[in-house]
Amino acid sequence: QVQLVESGGGLVQAGGSLRLSCAASGRISSINARNWYRQAPGEQRELVATISSGGSTNYADSVKARFTISRDNARNTVYLQMNSLKPEDTAVYFCNARVRTPYTVTFRDYWGQGTQVTVSS
């Protein structure tokens with residue numbers, strides 16, 4: 001079984017920074033794309049940032065130039081550095097990974113449990 005465990009959420013004032021981490025563990029053969037999503041109350045889950053296995057990144061327009069996604073393949077960990085935080089960044093942040101295990105031919109999606117980020121004005 002594959003597990004994704006997020007950490008690093010919390011309460012911060014507007015303009016502050018937080019760094020989220022997501023560690024993948026279990027029987028993992030390879031990990032393809034790593035993604036961060038967020039979901040605010042009453043809203044749909046939205047894609048915030050993506051990093052490919054080769055390191056290419058993409059960001060939602062709302063977080064460009066403020067958030068940075070990175071990955072440590074040796075540790076199966078992905079990070080989301082969030083700077084200049086705004087109250088509208090308040091949400092539960094979920095990490096997602098496309099993983100292939102020794103038991104599957106294709107990649108499948110796995111999700112973390114989510115971590116709360118609250119930005120006060």
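## The disulfide

Cys22 and Cys95 are both buried, where buried means under 20% relative accessible area, exposed means over 50% and partly exposed lies in between (1.4 Å probe, protein chains only). The model is a predicted one, in which local features need pLDDT of at least 70 and side-chain atom pairs count only at pLDDT 80 or more, while totals for chains, interfaces and linings use all residues. Residues are numbered from 1 along each chain as its sequence is written, and side-chain values use heavy atoms, with hydrogens and water left out.

The two cysteines form a disulfide with their sulfur atoms 2.0 Å apart; the term denotes a pair of cysteine sulfur atoms within 2.5 Å. Strands (E, at least two residues) and helices (H or I, at least four) are DSSP runs numbered from the N terminus. The torsion about the S-S bond of Cys22 and Cys95 is about 45 degrees, so the disulfide is right-handed. In general, a disulfide is a covalent bond between the sulfur atoms of two cysteines.

## Strands and sheet

Four strands form an open sheet in the order E1-E3-E8-E7, with antiparallel pairing. E1 and E7 are the edge strands, each pairing on one side only. From one strand to the next the twist averages 15 degrees, with axes taken as lines fitted to C-alpha atoms (for helices over the stretch in contact) and angles running from 0 to 180 degrees between N-to-C directions. Two strands count as paired if DSSP finds at least two bridges between them. E7 and E8 run antiparallel and are joined by six bridges; within this pairing, Asp72 has Thr77 in E8 as its bridge partner.

Strand E11 takes part in other pairings. With strand E2 (residues 10-13), E11 pairs in the parallel sense over four bridges, and Gln13 stands opposite Ser120 in E11. With E9, E11 runs antiparallel, joined by three bridges, and Ala91 has Val117 in E11 as its bridge partner. E11 has a covered face made of Thr115, Val117 and Val119, and an uncovered one made of Gln116, Thr118 and Ser120.

## The nonpolar core

A nonpolar core is a set of buried Ala, Val, Leu, Ile, Met, Phe, Trp, Tyr and Cys residues joined through side-chain atoms within 4.5 Å. The largest one has 28 residues, of which Trp36, Phe67, Leu80, Met82 and Tyr93 touch the most other members. The elements that give two or more residues to this core are strand E1 (2-7), strand E3 (18-26), E4, strand E5 (46-51), strand E7 (67-72), E8, E9 and E11. The largest share, five residues, comes from E9.

Leaving aside residues up to four places away in sequence, Tyr93 touches a set of residues including Trp36, Phe67, Leu80, Met82, Gly114 and Val117; contact means heavy atoms within 4.5 Å. Gly114 lies in the loop between strand E10 (108-111) and strand E11 (115-120). This glycine is buried, with a relative accessible area of 16%. Apart from its neighbours within four places in sequence, Gly114 is in contact with Glu6, Val92, Tyr93 and Phe94.

## Charged pairs

The structure holds six salt bridges, each a side-chain nitrogen of Lys or Arg within 4 Å of a carboxyl oxygen of Asp or Glu. One of them joins the side chains of Asp89 and Arg38 (2.9 Å, N to O). This pair links distant parts of the chain, with Asp89 in the loop between strand E8 (77-82) and strand E9 (91-100) and Arg38 in strand E4 (residues 30-39), 51 residues apart. Both Asp89 and Arg38 are buried. Together with Glu46 and Arg66, Arg38 and Asp89 are linked in a network of salt bridges.

Another salt bridge brings together Arg75 and Asp72 (2.9 Å, N to O). Arg75 is exposed, with a relative accessible area of 59%, whereas Asp72 is buried, at 19%. Asp61 and Lys64 also meet in a salt bridge (3.2 Å, N to O). Here Asp61 is exposed, with a relative accessible area of 64%, and Lys64 is partly exposed at 47%.
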